[in-house]
Amino acid sequence: MSGADTADVVISADRPDGEELLDLYTSVAWDAYTRDPETLTAAIDGSSYVVTARLDGVLLGLARVISDSASICYLQDVLVRPTARRQGIGRRLVLAALQPYIGVRQKVLLTDDDPGQRAFYESLGYAEVRDVGRTSLRAFVRFDPFDPFEQHPCAPVAPSGGENPFGAAARGPARLCRSCPGIPSSLCHET
Ligand SMILES: CC(C)(COP(=O)(O)OP(=O)(O)OC[C@H]1O[C@@H](n2cnc3c(N)ncnc32)[C@H](O)[C@@H]1OP(=O)(O)O)[C@@H](O)C(=O)NCCC(=O)NCCS
């Protein structure tokens, strides 16, 4: 993409369809999303705010936010096609994605340990927790299995109607199994 084209890139609030999403996420090789297109579409649909970058209608990049619009603004997924990078599109996407959340104090994100990403986010005012200068601050993350039916040891059986038993249990009180992370104890044979 030439510098002249960059001026024509349109950044707007927009939720691309499943095919476009898959094509964009494939271009950055984000397998965790592309191997499960339904979850990818649900993630975009369920986001608080989504912005895209397009040139002549072609999707070049996307950024999305999860937020309560009051106390927390989580920036999730900022991606630009490899052919369109280092032309300010990522920066424009982040600024547009955060625009509705100017009044929200706490802005967080998770990303890979990569010098380019560090430079990118630092150029946008983000700092790593260890650099913030508040020694009491810690960041925690938990990654659960993609498919709890396959991977947790207590392996509950789905009811014959096909309804996900985790979905029903998730609406009840949050008592979790002690040996299976994230699994409601009511569904676990281990407790
Ligand atoms: C990270 C990413 C979104 C940046 O998009 P981009 O459009 O290339 O970024 P910009 O052109 O707006 O860069 C803005 C500034 O960030 C910094 N920056 C961006 N990419 C950088 C890199 N690879 N190395 C060093 N600095 C970088 C620079 O300071 C840059 O300004 P400059 O070009 O004037 O020096 C893009 O590289 C990408 O899609 N990567 C793959 C997906 C990803 O890892 N996303 C982040 C985790 S969610």
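Me: Which residues does D77 touch, not counting residues up to four places away in sequence?
Reply: Residues are numbered from 1 along each chain as its sequence is written. This is a predicted model, in which local features need pLDDT of at least 70 and side-chain atom pairs count only at pLDDT 80 or more, whereas totals for chains, interfaces and linings use all residues. Two residues are taken to be in contact if their C-beta atoms, placed from the backbone, lie within 7 Å. Once residues up to four places away in sequence are set aside, the residues that D77 touches are L62, A63 and R64.

Me: Is D77 buried or exposed?
Reply: D77 belongs to strand 4, where helices (H or I, at least four residues) and strands (E, at least two) are DSSP runs numbered from the N terminus. A residue is buried if 20 or more other C-beta atoms, placed from the backbone, lie within 10 Å of its own, exposed if 12 or fewer, and partly exposed in between. Because D77 has 22 C-beta neighbours inside 10 Å, it counts as buried.

Me: What is the C-alpha to C-alpha distance between D77 and A63?
Reply: A63 is among the residues that D77 touches. The two are 14 residues apart in sequence, and their C-alpha to C-alpha distance in space is 5.5 Å.

Me: What is the phi of D56, which is not a glycine?
Reply: Most residues other than glycine have a negative phi. D56 lies in the loop between strand 2 and strand 3, and with 9 C-beta neighbours inside 10 Å it counts as exposed. D77, not a glycine either, has a positive phi of about 65 degrees. For D56 the phi is positive, at about 50 degrees.

Me: How are helix 2 and helix 4 oriented to each other?
Reply: Helix 2 (residues 18–27) and helix 4 (residues 37–46) pack with their axes 10 Å apart at an angle of about 105 degrees; axes are lines fitted to C-alpha atoms, for helices over the stretch in contact, and angles run from 0 to 180 degrees between N-to-C directions. Angles under 35 degrees count as roughly parallel, over 145 as roughly antiparallel, 65 to 115 as roughly perpendicular and the rest as oblique. The two helices are therefore roughly perpendicular.

Me: Which residues come nearest to the ligand?
Reply: A residue is near a molecule if its C-beta atom, placed from the backbone, lies within 6 Å of it. Strand 4 (72–80), helix 5 (89–98) and helix 6 (115–122) each supply at least two residues of the shell around the ligand. Of the 18 residues around the ligand, the nearest are R85, G90, R91, G116 and A119.
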